Amino acid sequence: MTNPERDPRLEIFEREAMAHLENLLRTAVHLVGSVGRAEDVVQETFLRAWKHFDSYESGTNCRGWLFRIMFNVVHAERARTVKLSEVPFDESDLGDGHLLGANVPFTPRGIEGRDILEAVDKLTDEHRAVLWLVAVDGFSYRESADILGVPIGTVMSRLHRARLEIRRLLQTERTG
Amino acid sequence: MNCDEARGLIQCYLDNELDELNTLDLLKHLEACARCPELLDSLMSQDRLLKQSALAQEVNSGPVRAKVLTLLRAHASQPSRFPFHLTRLRRFVAVASLAAIGVLVWLFGPEFKSFHEKAYAAIVADHADHCSYEETKDARSSRTELDRLVAQYGKLSNTPDLTPFGYDEPHAFVCKIEEIQYLHLIYYRQKGQPLSVFMRLTDASSESLQVALRRRDRFVIASAWKSGAELFVVSSLADQETSDIARAIVARL
Ligand SMILES: [Zn+2]
Ligand SMILES: [Zn+2]
């Protein structure tokens with residue numbers, strides 16, 4: 001039996017795919033709203049990625065590929081959550097994951113940095129996803145459209161609305 | 001260029017998505033305009049603040065990384081229990097063992113059941129492969145192309161319409177599953193998982209108007225044979241809805 005630590009496919013996977021794990025986790029926290037759920041999403045994403053690793057071409061856009069898988073995991077999870085939400089909500093289901101705005105360690109960048117992240121978390125799921133992909137993760141419109149499975153025009157209009165909404169929220173924060 | 005036009009381009013400029021010609025025009029406008037530069041500045045600093053704050057946020061990826069690696073190594077060390085994708089080698093092994101089972105079926109009729117179990121497993125695996133993310137870029141989806149394919153693979157006069165069940169127009173692949181070619185239609189809908197319809201022509205004379213249901217992993221498979229065509233519907237829906245969809249398609253075979 002071969003030493004599993006030396007599986008060459010796994011080595012490539014670790015080098016090319018696992019390198020993006022922290023990036024995915026950071027984004028996932030803001031997509032699903034809790035660290036615990038984000039960890040589940042990222043874990044599932046990498047298991048699926050490994051399962052489909054044969055279809056990934058080494059050296060191509062691995063990060064984009066992983067993000068696309070992650071958004072599908074999140075969509076699937078949301079579809080499940082929608083069904084579950086008909087069942088009376090049990091606070092203990094949250095496990096040790098904490099809701100954003102409560103215990104997530106915030107940046108030392110002071111009040112402004114915290115305000116903008118809070119504003120982002122107030123956006124709709126769709127607006128937040130696009131803004132995060134383009135402005136934080138640095139994906140192009142085309143890549144974001146592929147990741148989200150929407151037309152490029154949708155990416156642009158959601159992005160526009162998301163940025164204006166952030167501006168509005170920050171202004172209200174300052175004046176109110 | 002007037003201010004409205006400039007404002008329409010500012011976002012693309014900010015995101016590095018503006019072509020050279022428009023960039024030059026926009027920069028010319030920004031130099032001359034009293035109001036537009038302020039909008040660009042405010043959007044730029046907003047984006048910069050967002051990115052810096054996001055990256056400054058601490059993320060502890062250690063635990064999930066360790067967990068993923070443990071799971072992957074465990075799978076890698078146990079190829080026989082690896083529940084995932086069939087690699088090329090594993091496809092070969094699967095096909096070879098299928099051939100072996102074929103001989104067994106021929107020798108020992110009762111083994112027939114396990115032959116089918118294999119085929120169902122392969123169909124479910126193909127469904128998961130093609131549908132777990134929207135890998136439909138190289139799929140065929142023009143109406144005439146679809147109608148031609150369903151005629152060829154299922155003797156249908158037109159593509160099954162699942163809009164009454166909330167699904168959009170399908171995308172089509174031709175998939176080789178255990179060395180047999182199927183037309184694989186993938187239907188998406190707004191909420192929930194995609195649904196697959198597999199079909200092919202067979203020379204089997206047996207007709208099963210009954211829709212048979214079985215579960216595999218988290219999927220339901222409805223199968224039917226009619227008029228020399230074989231049909232499988234794979235979904236994540238309830239048994240009843242899956243069988244209703246299969247019935248609706250079979251009714252038109
Ligand atoms: Zn102007
Ligand atoms: Zn397929």
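Colleague: Which residues line the largest cavity?

Modeller: Keep in mind that this is a predicted model. The lining is made up of A:Asp115, A:Glu118, A:Ala119, A:Lys122, A:Leu169, A:Leu170 and A:Glu173. Two elements of chain A give two or more residues each to that lining: helix 5 (110-122) and helix 8 (152-175).

Colleague: Which helix gives the most to the lining?

Modeller: Helix 5 of chain A, with 4 residues.

Colleague: And how do the lining residues split by class?

Modeller: There are 3 nonpolar and 4 charged residues in the lining, and no polar ones.

Colleague: OK, how much space lies in the largest cavity?

Modeller: About 50 Å³. As for the count, there is 1 cavity of 30 Å³ or more.

Colleague: Switching to packing. At what angle do the axes of helix 7 and helix 8 of chain A cross?

Modeller: Roughly 105°, and the axes come within 8 Å. Helix 7 there is residues 141-148.

Colleague: Which residues make the contact?

Modeller: From helix 7 of chain A you have A:Tyr141, A:Arg142, A:Ser144 and A:Ala145. Helix 8 of chain A brings A:Ile152, A:Val155, A:Met156 and A:Leu159.

Colleague: How do the residues of that contact divide, nonpolar, polar and charged?

Modeller: For helix 7 with helix 8 of chain A, the contact residues come out as 6 nonpolar, 1 polar and 1 charged.

Terms used: Residues are numbered from 1 along each chain as its sequence is written. Chains are lettered from A and ligands numbered from 1 in the order in which they are written. This is a predicted model: local features need pLDDT of at least 70, side-chain atom pairs count only at pLDDT 80 or more; totals for chains, interfaces and linings use all residues. Side-chain values use heavy atoms; hydrogens and water are left out. On a 1 Å grid over the protein atoms alone, a cavity is a set of points where a 1.4 Å probe fits but cannot get out, and a pocket is an open set with protein on both sides within 12 Å along at least five of seven lines; lining residues have an atom within 4 Å of a point. Grid points are joined across faces, edges and corners, and a volume is the space filled by probe spheres set on the points. Ala, Val, Leu, Ile, Met, Phe, Trp, Tyr, Cys and Pro count as nonpolar, Asp, Glu, Lys and Arg as charged, and the others, Gly among them, as polar. Axes are lines fitted to C-alpha atoms, for helices over the stretch in contact, and angles run from 0 to 180 degrees between N-to-C directions. Contact means heavy atoms within 4.5 Å.
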